[in-house]
Amino acid sequence: GRPVELTVTELWIVHALARRPGHVKNREQLMGEARMVVDDSTVTSHVKRIRKKFLALDPGFDGIESVYGMGYRWKEE
C-alpha cells in the first residue's frame with residue numbers, strides 16, 4: 001500500500017513487465033517500451049534498481065524474474 005519512487009524509465013519498464021505477467025520481455029522490447037536506446041547492461045542496471053526499490057518496501061519481493069538468455073518477466077501469482 002506504499003508508493004514506490006520510480007523514474008519515468010523505471011515506470012515504463014515495470015509497466016511493460018506487469019502488464020502481461022508471465023510473458024518474457026527481452027531487453028530490446030523493454031527499451032522500446034521505455035522509449036530509450038541503450039546497451040544491454042543499462043537495461044540490466046535499471047532492472048536491478050527497480051528490484052532494489054521494491055525490496056526496500058517489501059523484503060520478500062520477488063516479482064521480477066530473470067529468464068536466462070531471454071530477458072525478464074513479471075511473475076504470475
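Predicted model: local features only at pLDDT ≥ 70, side-chain atom pairs only at ≥ 80, totals over all residues.
**Notes on a first look at this model**

1. Gly63 counts as buried, at 11% relative accessibility, because the cut-off for buried is under 20%. Its place is in the loop between α3 and β1 (64-67).

2. What does Gly63 touch, once its neighbours within four places in sequence are left aside? Look at Arg73, Trp74 and Lys75. Arg73 sits 10 residues away from Gly63 along the chain, and the C-alpha atoms of the two are separated by 8.2 Å.

3. Trp74 turns up again in the largest nonpolar core, which has 16 residues. Along with Ile13, Leu17, Leu30 and Ile64, Trp74 touches the most other members. As background, nonpolar side chains in soluble globular proteins tend to be buried together.

4. Next, the helix pair α2 and α3. Their axes come within 10 Å and cross at roughly 75°, and 65 to 115 degrees counts as roughly perpendicular, so that is how α2 and α3 lie to each other. On the α2 side the contact is made by Arg27, Leu30 and Met31, and on the α3 side by Asp40, Val43 and Thr44. By type, these residues divide into three nonpolar, one polar and two charged.

5. Two glutamates deserve a look as well. Glu10, in helix α1, is buried with a relative accessible area of 1%. Its side chain reaches the backbone nitrogen of Thr7 at 2.9 Å. Not counting residues up to four places away in sequence, Glu10 touches Glu5, His46, Arg49, Ile50 and Lys53.

6. Is the other one, Glu33, buried or exposed? Glu33, found in helix α2, is buried, with a relative accessible area of 17%; the cut-off is under 20%. The side chains of Glu33 and Arg19 are joined by a polar contact of 2.8 Å. Besides Arg19, Glu33 touches Trp12, Ala16 and Lys25, again not counting residues up to four places away in sequence.

Terms used:
Residues numbered from 1 in each chain as written. Heavy atoms only, no water. Core = buried A, V, L, I, M, F, W, Y, C linked by side-chain atoms within 4.5 Å. Buried < 20%, exposed > 50% of the residue type's maximum accessible area, 1.4 Å probe, protein only. Helix = DSSP H or I, 4+ residues; strand = E, 2+ residues; numbered from the N terminus. Polar contact = N/O pair within 3.5 Å; in protein donor to acceptor, adjacent residues only side chain to side chain. Contact = heavy atoms within 4.5 Å. Axes fitted to C-alpha atoms, helices over the stretch in contact; angles between N-to-C directions. Parallel < 35°, antiparallel > 145°, perpendicular 65-115°, else oblique. Nonpolar A, V, L, I, M, F, W, Y, C, P; charged D, E, K, R; others polar.
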